[in-house]
Amino acid sequence: GLAGMPAADAKQTGKEFTSDQEVRWCPGCGDYAVLKAVQGFLPDLGLKRENIVFVSGIGCSSRFPYYLDTYGMHSIHGRAPAIATGLATSRSDLSVWVVTGDGDALSIGGNHLIHALRRNVNMTILLFNNRIYGLTKGQYSPTSEIGKVTKSTPMGSLDNPFNPISLALGAEASFVARTIDTDRNHLTGVLREAAAHRGTSLVEIYQNCPIFNDGAFDTIKDPATRDHAVIPLVHGQPITYGPDGEHGLVRNPATGTIEPVEISDANRDQVLVHDAHADDPTLAFA
Ligand code: SF4
Ligand code: MG
């Protein structure tokens with residue numbers, strides 16, 4: 001929620017949210033697209049730049065705060081949700097964002113993440129999921145699939161991956177969504193809903209790592225199947241997921257943006273909202 005945060009004096013553009021720092025991700029990294037989408041969306045918040053803060057942990061995606069002309073903190077491994085919780089609870093005039101990855105959020109920072117979600121303070125957590133440790137050069141992560149061959153699993157990973165969406169719902173997160181780096185409209189729509197939500201929003205972003213895990217999400221790039229694989233889940237107010245009569249999100253075919261609707265037989269097939277606890281193969285990694 002944005003209530004109580006000071007409005008910008010004038011309309012801003014993405015350029016004003018772009019810092020002078022050289023962006024240092026590998027060529028082709030999915031992080032570039034997410035950065036562009038965030039820089040393009042932030043003016044829509046209508047807030048003063050000095051009232052927006054991005055806190056990151058450690059990892060490739062955690063370089064994010066350098067590239068935004070807002071306040072920011074490149075903090076310590078796995079601890080960004082804890083630092084952001086302190087900031088959000090002491091400064092309700094700030095829009096607080098966390099940028100983290102699958103290793104940072106789900107391994108080293110697993111406890112911080114789940115407790116941030118259950119506390120439900122007002123912040124938005126962007127979880128970049130490339131299903132690999134990128135910064136440390138290609139070890140398997142808590143979201144790597146069974147059998148994944150990496151430098152640290154030369155005979156294939158034996159571990160079941162976390163589904164971050166299920167994990168967040170298990171922690172009773174009040175807003176949970178999933179999107180993908182390659183779909184800017186979808187990503188921007190999810191960012192908008194997440195920022196408007198009062199409480200902790202968890203947004204999982206499928207992100208390609210062309211160096212160590214290229215093509216991990218290629219199977220869901222096809223628009224015909226993508227909407228069923230990239231499922232934004234919204235649990236709680238103002239939008240809830242669930243059975244008949246509850247609310248979900250649909251993609252407006254005219255604008256490409258996602259919008260809330262009341263679920264009915266007429267639109268059930270288009271609703272981008274599912275119960276993560278149901279036996280639904282579309283929730284599994286393709
Ligand atoms: Fe991006 Fe992978 Fe390079 Fe990290 S290692 S910057 S995630 S492409
Ligand atoms: Mg990762």
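Helices (H or I, at least four residues) and strands (E, at least two) are taken as DSSP runs and numbered from the N terminus. Under this convention, Leu35 belongs to helix α1 (residues 31–45). The structure is a predicted model, in which local features need pLDDT of at least 70 and side-chain atom pairs count only at pLDDT 80 or more, while totals for chains, interfaces and linings use all residues. Residues are numbered from 1 along each chain as its sequence is written, and chains are lettered from A and ligands numbered from 1 in the order in which they are written.

The mean pLDDT (the predictor's confidence in each residue, from 0 to 100) of the protein chain is 83, and 77% of its residues reach 70 or more. Residues 225–245 have a pLDDT below 50, and this stretch makes 69 contacts in the model beyond near neighbours in sequence; two residues are in contact if their C-beta atoms, placed from the backbone, lie within 7 Å. The pLDDT is also below 50 over residues 273–286, a stretch with 32 contacts beyond near neighbours in sequence. Where pLDDT is low, the predicted coordinates should not be read in detail. The model scores are ipTM 0.99 and pTM 0.83.

Leu35 is buried because 22 other C-beta atoms lie within 10 Å; the term buried applies at 20 or more other C-beta atoms within 10 Å of a residue's own, exposed at 12 or fewer, and partly exposed in between, with C-beta atoms placed from the backbone. When residues up to four places away in sequence are not counted, Leu35 touches Phe64 and Tyr67. The C-alpha atoms of Leu35 and Leu68 are separated by 8.4 Å, although these residues are 33 residues apart along the chain.

In strand β1 (residues 52–56), five of the five residues are buried. Ile52, Phe54 and Ser56 lie on one side, Val53 and Val55 on the other, and both faces are covered. Strands pair if DSSP finds at least two bridges between them. β1 runs parallel to strand β3 (residues 95–101), joined by five bridges, and Val53 stands opposite Val96. Four bridges, also in the parallel sense, connect β1 with strand β2 (residues 71–74), where Met73 is the bridge partner of Val55.

The shell around ligand 1 includes Trp25, Cys26, Cys29, Asp31 and Cys60, a residue being near if its C-beta atom, placed from the backbone, lies within 6 Å.
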